[in-house]
Amino acid sequence: MSNRIVPNTILVLSGLWLLWAVLHEALTGRFWLWVIPGMAPPILFAAIPALLLLAGLFAKRRRLPVVAIALAAFAVSHQSTGINYRALLPRDAAVASPASIRVVQMNTDYWGQMRDGTLTDPRDRDAMLAYLRALDADVYLLQEHMLRDGDLAIPVDDFSDLEAAFPEYAWAKAGTLLTLSRLPIVARAVVNADSDSDIFLPPPPYALRVDVRAGDAVMSTYNVHMPVQLIIEDDWFGARFYTEIRRRHYIRKDEFDVLTADVAGNPNPLVVAGDFNTSPAMGDNRRLLAVTRDAAATSGILYPATWRVGGQLPKLWRNDWFLVGNAMRVDRFRSLDPEGNSDHLVQVVDMTAGGG
């Protein structure tokens with residue numbers, strides 16, 4: 001009897017996972033409640049089909065259908081896995097050229113605020129500024145230029161620390177977004193100036209466009225920090241928890257729609273980078289991905305997860321993205337340890353504007 005039960009059980013589990021994968025791809029980023037299963041580590045969408053495939057090899061009576069279903073499930077949800085498939089291909093060594101522009105993206109974790117709490121570590125602002133300065137970027141796209149006071153995120157309005165650490169840089173600021181540039185700034189604008197969001201952690205705006213002069217070209221940078229989809233500390237059995245998820249879903253959708261439209265209509269070489277609070281298993285940013293290119297895809301990093309750094313949770317999620325568009329060539333992509341200055345990895349990208 002067991003000779004039949006085990007293969008049949010594996011077949012049923014394979015079928016259920018295929019159904020789950022189909023539902024996930026149909027609902028992620030579209031149905032507000034699906035954000036809860038979407039919080040799972042993206043790598044599960046590769047690991048589970050792999051386990052089913054392995055089990056299928058030992059299920060002699062059901063080997064072919066189990067293998068076929070496992071492969072189909074992987075194919076259906078391959079974009080949710082977070083795997084950089086191009087890392088499996090041979091490539092030339094990445095080298096920054098003398099003409100390269102270096103852009104750094106980093107979530108500054110409440111601007112290096114000394115604090116304790118859920119999933120947080122103590123920070124030192126002076127150490128953070130020294131760390132950023134040592135990266136020697138032409139442009140810094142920084143999020144969480146803010147201090148936390150209870151449930152409020154208060155934008156920082158004291159720039160004396162920036163003036164001391166980055167005296168030759170100009171900056172553009174909107175809310176808790178901060179863009180530093182030693183290239184001339186030619187324009188700046190909040191992407192969704194008509195946002196009616198009342199989310200306060202972080203408060204709007206959620207995308208800041210800054211155009212800079214890079215040689216003969218104008219390069220557009222988009223500094224992005226999307227709000228989280230849910231408040232994990234809330235009571236999961238209370239109505240407010242789910243009302244908040246639904247409310248945030250539509251706010252985030254509007255922000256991504258406006259950002260995607262701005263990027264799609266921008267002819268300049270461009271960079272869209274920041275903390276999207278969106279993993280590859282969440283479909284919120286897929287329309288944006290369709291009109292840009294993922295800089296991490298040029299690297300040899302097979303699973304470019306960026307969060308969480310510093311323990312407490314394994315680093316299995318990619319919340320931080322670095323996208324390029326139009327005539328922008330990525331010369332070298334690096335994802336660096338923040339050395340205690342953030343709970344996200346830091347993205348450092350050397351690129352050439354007008355390089356295609």
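Colleague: Which residue lies over the face of Trp321?

Modeller: A charge sits over a ring if NZ of Lys or CZ of Arg is within 6 Å of the ring centre and within 35 degrees of the ring normal. Here Arg318 lies over the face of Trp321, at 3.9 Å from the ring centre. Please note that this is a predicted model, in which local features need pLDDT of at least 70 and side-chain atom pairs pLDDT 80 or more, while totals for chains, interfaces and linings use all residues. Residues are numbered from 1 along each chain as its sequence is written, and side-chain values use heavy atoms, without hydrogens and water.

Colleague: How many aromatic pairs does the structure hold?

Modeller: Rings of Phe, Tyr and Trp (its six-membered ring) pair if their centres lie within 6.5 Å; planes under 30 degrees apart are stacked, over 60 edge-to-face, and the rest tilted. The structure holds 13 such pairs. One of them joins Trp20 and Trp34, which are tilted, with 5.0 Å centre to centre and 35 degrees between the planes. Trp20 belongs to helix 1 (residues 2-27), and Trp34 to the loop between helix 1 and helix 2 (35-38), 14 residues apart. Helices (H or I, at least four residues) and strands (E, at least two) are DSSP runs, numbered from the N terminus.

Colleague: Are Tyr140 and Phe166 buried or exposed?

Modeller: Buried means under 20% relative accessible area, exposed over 50%, and partly exposed in between (1.4 Å probe, protein chains only). Both Tyr140 and Phe166 are buried. Their pair is edge-to-face, at 5.2 Å centre to centre and 70 degrees between the planes. Tyr140 lies in strand 2 (residues 139-143) and Phe166 in the loop between helix 7 (160-165) and strand 5 (170-174), so the pair ties together parts 26 residues apart in sequence. Ring pairs also link Tyr169 with these two residues into a cluster.

Colleague: Why do the buried residues of helix 3 line one face of the helix?

Modeller: An α-helix has 3.6 residues a turn, so residues three or four places apart point the same way. In helix 3 (residues 44-58), the buried residues are Phe45, Ala46, Pro49, Leu52 and Gly56. Seen down the axis, they fall within an arc of 135 degrees (taken from the directions from the helix axis to the C-beta atoms), so they line one face of the helix. On the other side, Leu51 and Phe58 are exposed.

Colleague: Where is a cis peptide bond found, with omega about 0 degrees?

Modeller: That bond joins Leu201 and Pro202. Pro202 is placed in the loop between strand 7 (185-190) and strand 8 (207-214).
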